[in-house]
Amino acid sequence: MNCAKNALLCKKSRLLFMSEFEKWVDLYTNELYKRAFYLFSNKEDAEDLVQEVFVAAYAQLPKFRNESSPLTWLNSILRNKAAEFYRKKYETETKIRLDHFFNQDKFWKQTNNIESWTDDEKNLLDEESFREYLIKCLNELPEKWNILVKLTYLEQKKSSEICQETNITATNYWKILQRSRLQLRECLETNWFKQNA
Amino acid sequence: MLKKILHITILPCKTITYLIEKRISSSLTLREKIQLELHLIVCKWCAVYNKKVNAIHQILAKLHFDATNKIPDLQQSDLEKIKSEIRKKTEKN
């Protein structure tokens, strides 16, 4: 803010700006916290993330354009900060093993699960219990994978962006998705579909 | 036996499950595309897996609204704590 020219106007706009920011904190803290908790499945990390989001938003406020809603803008900062958190926490690359699913010939170990889930997969979307199991299965994945899967789907970003933000190679990213998806399928098959069969 | 030969000529299932992910989140080379399509025609296990992956993919894309809604609200005391932390951290600037 350029305060040299008109000190009074400057003070006024600063007050306006502060009260606007305070309003955002009041309005959106809970919502952002829920998003953060969804990503990290952990209260402390989620609370820290929300604080970081607002501190960053405060610093970047001059960049905020009214074209997007404040919440949309804050959500994008949250995603960014979450990726940063992920990058720092999981710097080391771990080897992804698939021998639970494939034999030495790289063929499926389990060959009895060839029935389709439904005639039309679109029906699964409306199936409340399916969605519940999917969330449950997602949270059963190791944290390193489930955060990445959630980040991927949170705002439909391109994989190149996710890789850049989290600093993992594209190959490793697809391997993590592959491993996660194999496990999700298995988890859903043993839980949801067995019960509904 | 035939199964084995096929898997050697048009990529093993393990690789196919990787290509399925690559196709969803990015794109395949022409060669990969052809290998994947051919494999899916001859291998019923991968074909059904592919269908299930696509279902999971579509549902995950819509899931987080549901998932975040189910998370309990912040308790008032925690909310106040976070707010005062934010105030502290932003007032310094």
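Student: What share of the 93 residues in chain B is buried?
Tutor: The model discussed here is a predicted one. A residue is called buried if 20 or more other C-beta atoms lie within 10 Å of its own. In chain B, which has 93 residues, the buried share is 29%.

Student: How many helices does chain B have, and what pattern does the chain follow along the sequence?
Tutor: Chain B has five helices and zero strands. Read along the sequence, its pattern is therefore written with helix symbols, as helices and strands are DSSP runs numbered from the N terminus. For chain B that pattern is α-α-α-α-α.

Student: Into which domains is chain A divided, and how many Å separate their centres?
Tutor: Chain A is divided into domain 1, residues 7–89, and domain 2, residues 122–196. Taken over C-alpha atoms, the centres of domain 1 and domain 2 of chain A are separated by 26 Å.

Student: Which element gives the largest share of the side of domain 1 of chain A that touches domain 2 of chain A?
Tutor: The contact takes 10 residues from domain 1 of chain A and nine residues from domain 2 of chain A. On the side of domain 1, the elements that give two or more residues are α1 (7–40) and α3 of chain A. By class, this side of domain 1 has six nonpolar, two polar and two charged residues. Its largest share, six residues, comes from α3(A).

Student: Which residues of α3(A) are buried?
Tutor: Helix α3(A) has 20 residues and reaches 28 Å from its first C-alpha to its last, close to the 28 Å expected at 1.5 Å a residue. The buried residues in α3(A) are A:L74, A:L78, A:R79, A:K81, A:A82, A:A83 and A:Y86.

Student: Is A:T166 buried or exposed, and which residues does A:T166 touch?
Tutor: A:T166 lies in helix α7 of chain A, and it counts as buried because it has 22 C-beta neighbours inside 10 Å. A:T166 and A:A82 are 84 residues apart in sequence, and their C-alpha atoms are 9.0 Å apart in space. Not counting residues up to four places away in sequence, A:T166 touches A:A83, A:Y86, A:R87 and A:L148.

Student: With which residues is A:V50 in contact, leaving aside its neighbours within four places in sequence?
Tutor: A:V50 is among the buried residues of α2(A), as are A:L49 and A:V53. Helix α2(A) has 18 residues and reaches 26 Å from its first C-alpha to its last, close to the 26 Å expected at 1.5 Å a residue. With neighbours within four places in sequence left aside, the contacts of A:V50 are A:T29, A:L32, A:Y33, A:A36 and B:I82.

Student: What are the classes of the residues on the side of chain A that touches chain B?
Tutor: The contact joins 44 residues of chain A with 43 residues of chain B. On the side of chain A, at least two residues each come from α1, α2 (43–60), α4, α5 (128–140), α6 (143–154) and α8 (170–196). By class, this side has 25 nonpolar, eight polar and 11 charged residues.

Student: Which residues does A:F102 touch?
Tutor: A:F102 lies in the loop between α3 (70–89) and α4 (122–125) of chain A. A:F102 counts as partly exposed because it has 19 C-beta neighbours inside 10 Å. Not counting residues up to four places away in sequence, A:F102 touches A:F107, A:W108, A:K109, B:C13 and B:K14.

Student: Why does B:L11 count as buried, and what is its phi?
Tutor: B:L11 is found in the loop between α1 (2–9) and α2 (13–25) of chain B. B:L11 counts as buried because it has 20 C-beta neighbours inside 10 Å. Most residues other than glycine have a negative phi. The phi of B:L11, however, is positive, near 65 degrees.

How values were computed. Residues are numbered from 1 along each chain as its sequence is written. Chains are lettered from A and ligands numbered from 1 in the order in which they are written. This is a predicted model: local features need pLDDT of at least 70, side-chain atom pairs count only at pLDDT 80 or more; totals for chains, interfaces and linings use all residues. Helices (H or I, at least four residues) and strands (E, at least two) are DSSP runs, numbered from the N terminus. A residue is buried if 20 or more other C-beta atoms lie within 10 Å of its own, exposed if 12 or fewer, and partly exposed in between; C-beta atoms are placed from the backbone. Two residues are in contact if their C-beta atoms, placed from the backbone, lie within 7 Å. Domain bounds come from an automatic or database domain assignment. Ala, Val, Leu, Ile, Met, Phe, Trp, Tyr, Cys and Pro count as nonpolar, Asp, Glu, Lys and Arg as charged, and the others, Gly among them, as polar. The expected span of a helix is 1.5 Å times one less than its number of residues.
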